[in-house]
Amino acid sequence: MLFAKTLIALISATAVLAQSPANAVASGAFFVGEDTTESSVTARSMFEKPENHITAVSSVLAFAAKSVNFQPASKPAKSLVTTLDAFVERVSTFPGFITSNWVDTSIKLNGSFTQLEKMIREADDHITHLPLIARNIRDLVPGYIQDKSLKKWILSLVVLDNPEDSGNPKFKLVRVVLDLSTDKDHTVFIPEQTAKLVIVDFHANGASLIANAATLSTMIPTIVSPRDAVDLFTSPKVIEDTTADLWAFLREKSFSLEAYDWQVVLNWKK
Ligand SMILES: *[C@@H]1O[C@H](CO)[C@@H](O)[C@H](O)[C@H]1NC(C)=O
């Protein structure tokens, strides 16, 4: 059952998210809800205790990103295109996550930044936090692009969500694929176009995280808080600035996993 669900999640989320070829990625992230994690959290207890699961989710996302070299805080926008797809695939196939819902739609843009935000805000009735998503996507449009060959952009968001009404932590992967143009001063404008909006909703399978805590904590020993995850997934405002190396604190050896199946690696308990 878990396997079937995982397989469906793999096919759909990967197929839906990995489509239009692009030249560059601007990445952002935000966290809604409360961080209920204990201050004494350990690699083991982040998987074992439901109140720590938001940190488990953040740590798995950071682990998946690092293992495929998707490092928005420290890598140039151009290099993130292929690693973003690899990251999405990694996340979609993690057996402790379940895809619950998604939106895959076209949005007509008339060139105004305000209208871009409005179109995203009104794109769907069921997806939570759309106004925040819309605002954050708008803020991801770079103000200035030095390299004029970068025309097709992916604006990508990781949204972490720890709902107060208990339940499992959730997260979303959002992407807007659009053309951006620059004037002679390299200032960015949005041409009239039909852009693509994709939002995939995931939640943690808490029971699975608990059942597999021993294996998971051995494989993913680095604790990454939701706040740190937000920093890791946020591109610097000045795209050329690659000095920020927020990844330095993540131990390299924790991320040596090759791109094979999580199920095999974890010897997953059903
Ligand atoms: C784009 O649409 C918005 C909202 O519908 C409108 O207020 C604005 O004037 C339009 N801009 C252009 C350039 O057509």
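**View 1. Helix H4 and its buried residues.** The buried residues of helix H4 are Leu 80, Val 81, Thr 83, Leu 84, Phe 87, Val 88, Arg 90, Val 91, Ser 92 and Thr 93. Here buried means under 20% relative accessible area, exposed means over 50%, and partly exposed lies in between, with a 1.4 Å probe and protein chains only. Helices (H or I, at least four residues) and strands (E, at least two) are DSSP runs, numbered from the N terminus. The model is predicted: local features need pLDDT of at least 70, side-chain atom pairs count only at pLDDT 80 or more, and totals for chains, interfaces and linings use all residues. Residues are numbered from 1 along each chain as its sequence is written, and side-chain values use heavy atoms, leaving out hydrogens and water. H4 covers residues 80-93 and spans 20 Å from its first C-alpha to its last, close to the 20 Å expected at 1.5 Å a residue; that expected span is 1.5 Å times one less than the number of residues. With 10 of its 14 residues buried, H4 is mostly covered.

**View 2. Thr 93 in helix H4.** Let's zoom in on one residue. Thr 93 belongs to H4 and is buried, at a relative accessible area of 14%. Its side chain comes to 3.1 Å from the backbone oxygen of Arg 90. This is a polar contact, that is, a pair of N or O atoms within 3.5 Å; within protein, one must be able to donate a hydrogen and the other to accept it, and residues adjacent in sequence count only if both atoms are side-chain atoms.

**View 3. Strand S3 and its two neighbours.** Strand S3 (residues 152-162) is largely enclosed by the rest of the structure, because 10 of its 11 residues are buried. Strand S1 (residues 24-33) runs parallel to S3, joined to it by 10 bridges; two strands pair if DSSP finds at least two bridges between them. Look for Ala 26, which stands opposite Leu 155 in S3. S3 also pairs with S4, in the antiparallel sense, over 10 bridges. There, Asp 161 has Lys 170 in S4 as its bridge partner.

View 4. Of the 12 residues in strand S7 (residues 193-204), 9 are buried. S7 pairs with strand S2 (residues 97-109) in the antiparallel sense over 12 bridges, and Trp 102 has Val 200 in S7 as its bridge partner. Strand S4 (residues 170-179) is antiparallel to S7 too, with 8 bridges joining them. Lys 170 is partnered with His 203 in S7.

View 5. The whole structure holds 6 aromatic pairs. Rings of Phe, Tyr and Trp (its six-membered ring) pair if their centres lie within 6.5 Å; planes under 30 degrees apart count as stacked, over 60 as edge-to-face and the rest as tilted. Phe 97 and Phe 171 form an edge-to-face pair, 4.8 Å centre to centre with 70 degrees between the planes. Phe 97 lies in strand S2 and Phe 171 in strand S4, so this pair ties together parts 74 residues apart in sequence. Both Phe 97 and Phe 171 are buried. Ring pairs link Phe 94, Phe 97, Phe 171 and Phe 202 into a cluster.

**View 6. Leu 216 and Ala 43.** Leu 216, in helix H8 (residues 213-219), is buried at 0% relative accessibility. Leu 216 and Ala 43 are 173 residues apart in sequence, yet 8.4 Å apart in space, C-alpha to C-alpha.
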